[in-house]
Amino acid sequence: MKKFDVVTLGELLIDFTDNGMSAQGNTMFEANPGGAPCNVLAMLNRFGHPTAFIGKVGKDIFGLKLKAVLEEVGIDTSNLIVDEDARTTLAFVQTFEDGDRDFSFYRNPGADMLLTADEVNEELVRSARAFHFGTLSMTHEGVQEATKKAIRLAKEAGAVISFDPNLRPPLWKSLEDAKEQVAYGLGQCDVLKISDNEIQWFTGEEDYDKGIEKLRREYDIPLILLSMGKDGSRAYYKDLRVERAPFLQKETIETTGAGDTFGGCCLHYVLEYGLDGLDEEKLGEMLTFANAAASIITTRKGALRVMPQVEDVKRFIESRK
């Protein structure tokens, strides 16, 4: 028996999301706890999965707040390091009328970049059924080394390896560097969650199916999950290609965390049935649930603290039948 169902390593930060205008005409920002890895864990916790996070925050008002929030939502923080000399990473998120977003990061350096390989708790990684990571912990040498060490330990312990590139171009020295690290992640993972724009960027193929086929020829990835925003999602598994429509809402205010919510739901199904136990029906059920949960999160500010309850998602799906 493993102590944790999922362990992640990566960024934990504050997302300052656009929250209207003040009486004086100034943009107001709301400080939402964020960071893709912990958003994924927060959704998994809604299913009752024990989870843990490996990372670093600063010993400042934001870092202490983030640690408290993880504990509040039930994520193990025993390998969350609070660094007295570092500052917690901040991200300012501007949302446009069409729902697209632009990010400005204050992270040079941010605490999450300063995690070292020596600070990774090896026993914690080995105690996970699945290990999840992205590329924000691959942008700089030290934390990249920590990430690769954790992946190696998790693979040695027989964990399912889950990867979401979560590409943020402003954080890379060059997109060639980004492509190199994404390629590394693709070569390690059993489950890939990738967005429509990321598959086009990485493969150079406008057609998603052609892009996925290109990946599958080069990398042995059992399950590929493609999120397509307003066009829904697809799962590619063995000889199956399963697609489900999105749940669009007038109440949508921003899309931050939607992909992480989707990814967390899909990982739940992998944990429930195993990578060998999926079929067309289960994949369809998985995508429907994940699309619905992601839709709900777009009606809320932030993601980490406000993930939908499982019963709420089920009721939402029923209401749309």
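## The loop around proline 109

Proline 109 sits in the loop that runs between strand E7 (101–106) and helix H3 (122–126). In this predicted model, the peptide bond joining asparagine 108 to proline 109 is cis, with omega at about 0 degrees.

Asparagine 166 is not a glycine, yet its phi is positive, at about 45 degrees. Is asparagine 166 buried or exposed? Its relative accessibility is 12%, and asparagine 166 therefore counts as buried, the limit being under 20%.

Lysine 238 also has a positive phi without being a glycine, here about 55 degrees. You will find lysine 238 in the loop between strand E12 (233–237) and strand E13 (240–244).

## Aromatic pairs

The structure holds 11 aromatic pairs. One of them is formed by phenylalanine 16 and phenylalanine 92, which are stacked, with 4.7 Å from centre to centre and 10 degrees between the planes. Phenylalanine 16 belongs to strand E2 (residues 13–21) and phenylalanine 92 to strand E6 (residues 90–95), so this pair ties together parts that lie 76 residues apart in sequence. Phenylalanine 16 is buried, with a relative accessible area of 12%, whereas phenylalanine 92 is partly exposed at 24% relative accessibility. Ring pairs also link Phe16 and Phe92 with Phe29, Phe62 and Tyr106 into a cluster.

Another pair brings together tyrosine 269 and tyrosine 273. Their ring centres are 6.2 Å apart and their planes stand at 35 degrees, so the pair is tilted. Both tyrosines are in helix H8 (residues 258–273), where, being four residues apart, they are separated by about one helical turn. Tyrosine 269 counts as buried at 6% relative accessibility, while tyrosine 273 is partly exposed, with a relative accessible area of 34%.

In soluble globular proteins, nonpolar side chains tend to be buried together. Here the largest nonpolar core has 54 residues, and the members that touch the most others are Leu12, Leu223 and Leu225. Which helix gives the most to this core? That is H9, with 10 residues.

Leucine 225 is worth a look in your viewer. Leaving aside neighbours within four places in sequence, leucine 225 is in contact with Val191, Leu192, Lys193 and Ile194, with Arg234 and Ala235, and with Phe262, Cys266, Met286 and Leu287.

## Where H9 meets H10

Helix H9 (residues 280–297) also packs against helix H10 (residues 310–319): their axes come within 9 Å and cross at roughly 100 degrees. Angles from 65 to 115 degrees count as roughly perpendicular, and H9 and H10 are therefore roughly perpendicular to each other.

Which residues in H9 and H10 meet? On the H9 side they are Thr288, Phe289, Ala292, Ala293, Ser295 and Ile296, and on the H10 side Val310, Asp312, Val313, Lys314, Phe316 and Ile317. Sorted by class, this contact of H9 with H10 has eight nonpolar, two polar and two charged residues.

Key
Residues numbered from 1 in each chain as written. Predicted model: local features only at pLDDT ≥ 70, side-chain atom pairs only at ≥ 80, totals over all residues. Heavy atoms only, no water. Axes fitted to C-alpha atoms, helices over the stretch in contact; angles between N-to-C directions. Helix = DSSP H or I, 4+ residues; strand = E, 2+ residues; numbered from the N terminus. Parallel < 35°, antiparallel > 145°, perpendicular 65-115°, else oblique. Contact = heavy atoms within 4.5 Å. Nonpolar A, V, L, I, M, F, W, Y, C, P; charged D, E, K, R; others polar. Core = buried A, V, L, I, M, F, W, Y, C linked by side-chain atoms within 4.5 Å. Buried < 20%, exposed > 50% of the residue type's maximum accessible area, 1.4 Å probe, protein only. Phe/Tyr/Trp six-rings, centres within 6.5 Å; stacked < 30°, edge-to-face > 60°.
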